Amino acid sequence: PAYESMAKVYSRMVSQEKDTDEYVFDGVQRIAAFMPIDNTDNWSVCAVAPKKEMISSITTIVLMMTISSAFLLIGGILYGIKFARKIGQPIKECSNRLEMLSDGDLTSEVKAFDSNDEIGLLADSTHKIVNSLNTIINDIGYLIGEMANGNLDVQTRCEANYVGEYQQILVYIRKIKTSLSQTLNEIQISADQVLAGADQVSSGSQELAQGTTEQASSVEELA
């Protein structure tokens, strides 16, 4: 009876079974894993180990896997936080700068980020937007100021910046300049005409005065 469980395992091996089973030998609970060997005369191979040792090994493996998983999880969380900050900070900086731009701030610098990924592209695009708007608005002020001072031959200093829809701004400014030039020319022509009429009136007045004087002299002579 003491070897009954072991005999049962061996009997299953002889029957060419493939499985795991337990038996007791010398008072020690053991686990046996067995399988037949192909191309042999009913031979089988069996691996036996005390159940306590196997459970202890499995427990150790599970514990090590649990500890490793915990370290990996903590490392993943820390890396995720670091990565989120790396992404979030530049996005926040660009968002703040665009908000300042919407409030009319065209002079504050855009913080640069040494990155070749999408974050660097976002920062570079924000920098280009701010600089382009600043250049265009300063140029518009220059053009309007020169026209207000009577300089209708003024030209833009940054035509390359008027791209896309911004080109319409330059078109409208040029139309305004042309219209002002035409209006001033018309005013000049009208002024010249008024001056010519004034000269004619002046000449007529002088002739009238001369005629009046001559008539007065004739009246005196008759008297």
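Ala32 stands opposite Val48 in strand β3. Seven bridges join strand β2 (residues 28-36) to β3, and the two run antiparallel. Strands pair if DSSP finds at least two bridges between them. Strands (E, at least two residues) and helices (H or I, at least four) are DSSP runs, numbered from the N terminus. The model is predicted: local features need pLDDT of at least 70 and side-chain atom pairs count only at pLDDT 80 or more, while totals for chains, interfaces and linings use all residues. Residues are numbered from 1 along each chain as its sequence is written, and side-chain values use heavy atoms, with hydrogens and water left out.

The sheet is open and has three strands in the order β1-β2-β3, with antiparallel pairing. Strands β1 (19-25) and β3 (44-50) stand at the edges. Each has a single partner strand, so one side of each is left without a neighbour in the sheet. Neighbouring strands are turned by 30° against each other on average, direction ignored. Axes are lines fitted to C-alpha atoms, for helices over the stretch in contact, and angles run from 0 to 180 degrees between N-to-C directions.

Two helices meet this sheet. Helix α1 (residues 4-14) packs on it, touching β1, β2 and β3. Contact means heavy atoms within 4.5 Å. The direction of α1 makes about 150° with that of β1. Helix α2 (residues 51-102) lies across β1, β2 and β3 and runs at about 80° to β3.

Ile81 is in helix α2. Its relative accessible area is 40%, so Ile81 is partly exposed. Buried means under 20%, exposed over 50%, and partly exposed in between (1.4 Å probe, protein chains only). Ile81 forms a nonpolar surface patch with Leu73, Ile74, Ile77 and Leu78. Together they have about 480 Å² of accessible area.

The structure holds six salt bridges. A salt bridge is a side-chain nitrogen of Lys or Arg within 4 Å of a carboxyl oxygen of Asp or Glu. Arg12 meets Glu17 in one of them (2.6 Å, N to O). Arg12 also meets Asp21 in a salt bridge (3.0 Å, N to O). Arg12 is buried, with a relative accessible area of 18%, and Asp21 is buried too. Glu17 is partly exposed at 30%.

Asp124 forms a salt bridge with Lys128, with the closest N and O atoms 3.5 Å apart. The two are four residues apart in helix α3 (residues 118-148), so about one helical turn separates them. Asp124 is partly exposed at 34%. Lys128 counts as exposed at 55%. Elsewhere, salt bridges that share partners join Arg12, Glu17, Asp19 and Asp21 into one network.

Definitions and conventions: Patch = residues over 30% accessible without salt bridge, like charges linked within 9 Å, V, L, I, M, F, W, Y side chains within 5 Å. Areas by Shrake-Rupley, 256 points an atom, 1.4 Å probe, with all protein chains shown as cover.
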